[in-house]
Amino acid sequence: MRNPLRSEAEAYRFLGVVIVGAALIIAGAFINTWLGVAVAVLAFAGLVWWLRKEPVPGAADHAPVLASSTPPGMRRVLVVAPPGTESVAVPEGADVLVVVPAVAGGVETLTGSVDGRRADAEATAAVLEARLPGARVEVGADDPGLAVEDALRVFGADEVLVAGDAELLGVIRDRVALPVSQL
Amino acid sequence: MTTYSHVEPVGHGEHHGPPEPHYSSRILPATLGMYLFIASEIMLFGSFFTAYFFVRIVNGVAWPTPPYHLPVFVATVNTFILMTSSATMHWATTSIKRGNVWGMRAGLLLTFLMGLAFLIAQLYEYLRVGFNTSDGAFPTIFFCLTGLHSCHVFVGLAILAFMTIRAFRGHFSAEHHHGVEIGGIYWHFVDVMWIVVFTTVYVL
């Protein structure tokens with residue numbers, strides 16, 4: 001959904017839409033009160049539809065061409081392991097960072113009640129850290145895609161490995177412009 | 001999509017200065033602030049419109065209650081003034097984006113003057129309208145809704161005054177005009193709210 005007040009130009013355009021909607025409601029109400037009510041409901045529904053239909057700026061841009069910052073001979077791998085993962089097979093000789101996103105439900109995210117999910121993720125991270133000597137293990141954000149983005153800001157990975165289901169794989173593929181595969 | 005062209009791994013390569021600010025959230029702070037602002041405004045205006053709904057629709061209070069009359073003509077003229085001020089605000093922003101500093105200055109000055117004209121006309125209307133908040137539910141809701149909007153216009157005028165002064169001091173350019181952009185968003189929002197107030201209070 002597009003924010004109608006994202007920029008001055010969009011706010012000005014939104015004002016024009018509101019003026020047109022108000023004019024239609026007034027015209028309908030002058031003919032008949034209930035027609036005015038119907039026009040108001042339709043105008044409001046149309047406004048919501050228009051805002052939902054409008055593309056977010058930059059969403060359709062092509063993925064950027066990436067230049068790896070990894071020195072020759074080194075391979076950096078970011079592993080995404082959802083809470084509950086007991087073990088992962090990481091490539092040998094690679095610099096590995098394992099991220100355990102504290103996956104939370106929609107209501108939990110909205111209310112900020114993510115302490116329980118974070119505790120689950122920390123427990124999984126502790127287990128993986130004990131089983132993967134040499135690899136760094138961290139707890140990530142409640143959204144797996146965001147957790148990966150956070151990790152990539154400080155860890156210039158060459159590829160992302162996902163120790164989860166196809167849905168998680170799809171989520172991460174949609175968010176990052178790196179090779180993403182399933183473990 | 002996220003770009004990684006500037007990613008420098010920690011402990012590898014040279015890095016000067018502090019790292020880029022990073023917000024581990026789904027939403028940028030500036031955007032979140034705007035959403036919170038809009039939400040608070042919707043709740044604020046919504047509470048007054050709820051009172052309007054109960055007074056006029058649920059309780060069936062005549063609108064306007066006889067023998068009072070709403071100054072529709074003055075409000076209509078005011079509406080045109082305010083809508084024109086939005087156009088000049090947009091002109092100011094468009095001008096500075098193209099590097100036209102004098103266009104921006106003229107646009108901001110005109111916007112400020114029209115906003116001031118709106119507010120003065122609104123206050124004059126209050127003085128000669130012939131009823132007060134103690135005269136019943138209709139006058140109370142009328143003053144609350146239009147007064148709340150006038151308060152927003154007053155705040156907008158204060159913002160516009162600062163923007164105009166900064167514009168004449170040369171603080172804005174084609175590359176740096178965030179202050180004009182933000183002020184413009186607020187001014188258009190105030191105008192959107194006036195359309196809603198004008199339609200419900202004066203016309204319907």
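## Helices α2 and α3 of chain B

In chain B, helices α2 and α3 cross in a left-handed sense (the near helix is turned anticlockwise from the far one by less than a right angle; clockwise would be right-handed). This is a predicted model, in which local features need pLDDT of at least 70 and side-chain atom pairs count only at pLDDT 80 or more, while totals for chains, interfaces and linings use all residues. Residues are numbered from 1 along each chain as its sequence is written, with chains lettered from A and ligands numbered from 1 in the order in which they are written.

Helix α2(B) covers residues 72-97 and helix α3(B) residues 101-128, and the two pack at an angle of about 160° with their axes 8 Å apart (axes are fitted to C-alpha atoms over the stretch in contact, and angles between N-to-C directions run from 0 to 180 degrees). The two helices are therefore roughly antiparallel, a term for angles over 145 degrees. The residues of their contact comprise 15 nonpolar, 10 polar and one charged (Ala, Val, Leu, Ile, Met, Phe, Trp, Tyr, Cys and Pro are nonpolar, Asp, Glu, Lys and Arg charged, the others polar).

## Helices α3 and α4 of chain B

On α4(B), helix α3(B) packs at an angle of about 155°, with the axes 9 Å apart; this pair, too, is therefore roughly antiparallel, and its crossing is left-handed. Residues of α3(B) that make the contact include B:Met104, B:Leu108, B:Phe112 and B:Leu119, and among those of α4(B) are B:Val153, B:Leu157, B:Leu160 and B:Ala167 (contact means C-beta atoms, placed from the backbone, within 7 Å). Sorted by class, this contact holds 15 nonpolar, seven polar and one charged residues.

## Nonpolar cores

The largest nonpolar core contains 39 residues, and B:Met104 and B:Leu108 have the most contacts inside it (a core joins buried Ala, Val, Leu, Ile, Met, Phe, Trp, Tyr and Cys residues through C-beta atoms within 7 Å). Two or more residues each come from α1 (8-31) of chain A and from α2, α3, α4 (137-168) and α5 (178-203) of chain B, with α5(B) giving the most, 12 residues.

Leaving aside residues up to four places away in sequence, B:Met104 touches B:Ala92, B:Ser95, B:Ile96, B:Ala167, B:Phe172 and B:Val180. A second, separate core of 34 residues includes A:Val90, A:Leu97, A:Val139 and A:Val162.

## The two chains

Chain B has five helices and zero strands, in the order α-α-α-α-α, where helices (H or I, at least four residues) and strands (E, at least two) are DSSP runs. Of its 204 residues, 26% count as buried (20 or more other C-beta atoms within 10 Å; exposed is 12 or fewer, partly exposed in between). Among the contacts of chain B between residues at least 6 apart in sequence, 77% join residues at least 24 apart.

Chain A contains six helices and five strands, which run α-α-β-β-α-α-β-α-β-α-β from the N terminus. Buried residues make up 31% of its 183 residues, and of the contacts in chain A with a separation of 6 or more, 54% are between residues 24 or more positions apart.

## B:Leu44

Within chain B, B:Leu44 lies in helix α1 (residues 29-58), and it counts as partly exposed because it has 13 C-beta neighbours inside 10 Å. B:Leu44 and B:Leu148 are separated by 104 residues in sequence, with a C-alpha to C-alpha distance of 9.0 Å.

How values were computed:
Parallel < 35°, antiparallel > 145°, perpendicular 65-115°, else oblique. Contact = placed C-beta atoms within 7 Å.
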